[in-house]
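Biologist: I'm new to this one. Could you walk me through how to read it?

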Amino acid sequence: MSSPAASAPDRPPVRLRAGALSLTASVVIGVASAGPAYSLTATLGLVVLAVGWQAPIVALLAFVPMLLVAIAYRELNAAEPDPGTTFVWATRAFGPLVGWLNGWAIVIADLLVMASLAQVSAQYTFLFCGADGIGSRPDDPRVLLLGLGYIVAMTWVAVRGITLSARLQAVLLTVEFVMLVVFAVVALIRVALGDGTATPELSWFNPLAIGSFSTFVDALLLMVFIYWGWDSVMSTNEETKDPRRTPGRSAIIATITLVGLYVLVTVAAQAFAGIGTDSGGLADPEHVDDILGALGSAVFGDSTIGTIAVHLLLLMVLTSAAASTQTTILPTSRTTYSMALHGALPARYGAVDPRYRTPVVSTVVFGVASILLYLVLSALSGRWGSTESPIVDAVSACGIGIGIYYGCTGLACAWLYRNRLRDSVRDFLMRGLLPTLGGAMLLFAAGWTAVTEWPSPVFLLGVGGMLAGLPIYFRLSRTMPPYFRGETLARQLPGPAEAVRE
């Protein structure tokens with residue numbers, strides 16, 4: 001991580017463990033952070049409900065802004081591999097207020113999704129063990145207790161070190177990835193044998209067949225959520241081998257891997273089950289938010305092998321949610337760690353465990369905050385002013401924060417490289433045009449969500465969560481002013497000669 005200006009607060013004597021992550025480990029963290037199985041099972045049915053047979057093209061088009069913003073991350077990280085990522089780059093581009101609020105957006109988005117990840121992990125644990133009566137009830141106190149246990153356990157793993165975290169992610173992602181591919185292949189084979197609902201068609205990839213622009217944008221926003229998380233590889237850049245290049249390569253590989261997996265599973269699922277709202281269709285209200293769990297028995301059958309496969313599918317969703325619980329902790333703790341080092345948060349958030357070389361205070365504080373929010377949202381169930389549960393609304397609301405900090409990263413890239421855009425065609429495209437397009441798309445998505453959700457609980461959680469950062473910002477600006485006066489981060493990228501810890 002490059003050093004800020006000389007006026008920045010003193011660095012703590014212990015730094016994060018440099019060189020701990022290889023390219024492979026970094027890609028694993030990027031893919032696992034998106035939680036493919038968790039994201040698909042929670043989102044695909046809602047997308048089908050909105051656009052019907054056009055779900056595959058929505059999955060493909062949602063990849064476009066993700067790839068463009070991943071390019072922006074790669075270009076900025078090559079100049080300044082700081083674990084604060086958007087917080088640092090947006091501060092350099094647009095000043096302390098915008099930079100700090102982007103760091104806050106990362107924290108809020110990650111915090112809002114934690115309750116859902118913990119709850120799904122707990123539910124699928126009970127389903128995997130055959131306790132369907134408990135696993136099918138998210139409001140069961142035993143689900144809450146086990147969900148809290150998952151947060152505690154994954155916080156502990158995150159504290160114990162990035163190497164242990166990466167090894168755990170590799171195991172969990174292997175189960176998840178293999179079972180998603182097996183599910184898709186078996187479903188397509190059964191379709192070819194005549195057991196499915198429809199034969200895959202090219203017309204499924206025609207966006208003009210979607211009824212309205214509003215419907216298209218709503219579905220696109222849902223699909224954007226399933227790609228979210230690959231930026232975790234950037235937050236762990238200080239702990240990665242070759243921190244200027246490896247995280248950027250990992251981000252691109254992770255996003256391309258995800259789009260291939262998502263399109264394959266989407267095509268297979270709707271070809272096998274169809275898009276009907278009756279029993280078995282992807283838009284069936286009974287399981288619209290749990291597609292993979294509902295289709296498991298239908299795809300694999302009730303033979304001994306089929307039963308084993310169904311249990312492995314449940315294990316897949318369980319490991320996906322558990323893996324995402326842990327990888328959500330990683331980028332948030334490193335964001336607040338970086339904010340503390342640059343004087344944007346109290347210095348204690350920059351404390352590093354001398355043995356495990358992890359940002360221990362930032363990690364534990366985020367774990368505790370996740371537990372408290374999960375308890376609050378669970379207590380509000382049944383008294384929530386929405387047709388959804390507060391935890392489901394929290395997942396929808398996190399899209400506002402995602403769109404803000406991804407979008408600002410794209411624009412920050414173009415602005416910080418603005419004086420070099422005429423140097424070559426590559427600079428114009430990779431550092432200017434493409435990041436700007438990706439950033440604009442995602443900022444529009446965040447704004448669209450905020451406007452269309454007014455004055456729902458989703459608006460309250462998403463926009464309210466962002467606004468809650470303002471009083472904290474102004475209080476900190478009075479008590480520890482150097483960062484907030486623009487004294488710790490210059491309004492430009494650091495020069496290429498600045499040292500990066502390898």
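Modeller: Let's begin with handedness: a crossing is left-handed if the near helix is turned anticlockwise from the far one by less than a right angle, and right-handed if clockwise. Helices (H or I, at least four residues) are DSSP runs, numbered from the N terminus. Here, the crossing of α13 and α14 is right-handed.

Biologist: How much should I trust the model?

Modeller: This is a predicted model, where local features need pLDDT of at least 70, side-chain atom pairs count only at pLDDT 80 or more, and totals for chains, interfaces and linings use all residues. Residues are numbered from 1 along each chain as its sequence is written, and side-chain values use heavy atoms, leaving out hydrogens and water. pLDDT is the predictor's confidence in each residue, from 0 to 100. The protein's mean is 85, and 92% of its residues reach 70 or more. Over residues 1–12, though, pLDDT stays under 50. Where pLDDT is low, the predicted coordinates should not be read in detail.

Biologist: At what angle do α13 and α14 cross?

Modeller: Axes are lines fitted to C-alpha atoms, for helices over the stretch in contact, and angles run from 0 to 180 degrees between N-to-C directions. Helix α13 (residues 304–341) and helix α14 (residues 360–380) cross at roughly 125 degrees, and their axes come within 8 Å. Under 35 degrees counts as roughly parallel, over 145 as roughly antiparallel, 65 to 115 as roughly perpendicular and the rest as oblique. α13 and α14 are therefore oblique to each other.

Biologist: Which residues of α13 and α14 meet?

Modeller: Contact means heavy atoms within 4.5 Å. From α13, Thr328, Ile329, Thr332, Ser333, Thr336 and Tyr337 meet Ser362, Thr363 and Phe366 of α14.

Biologist: And how do α4 and α5 pack?

Modeller: Helix α4 (residues 86–94) packs on helix α5 (residues 96–128) at about 160 degrees, with the axes 7 Å apart. That makes α4 roughly antiparallel to α5. Again, α4 passes α5 in a right-handed crossing.

Biologist: Is Thr255 buried or exposed?

Modeller: Buried means under 20% relative accessible area, exposed over 50%, partly exposed in between (1.4 Å probe, protein chains only). Thr255, in helix α11 (residues 246–273), has 0% relative accessibility, so Thr255 counts as buried. Not counting residues up to four places away in sequence, Thr255 touches Phe63, Leu67, Ala70, Tyr227 and Trp230.

How values were computed:
Helices (H or I, at least four residues) and strands (E, at least two) are DSSP runs, numbered from the N terminus.
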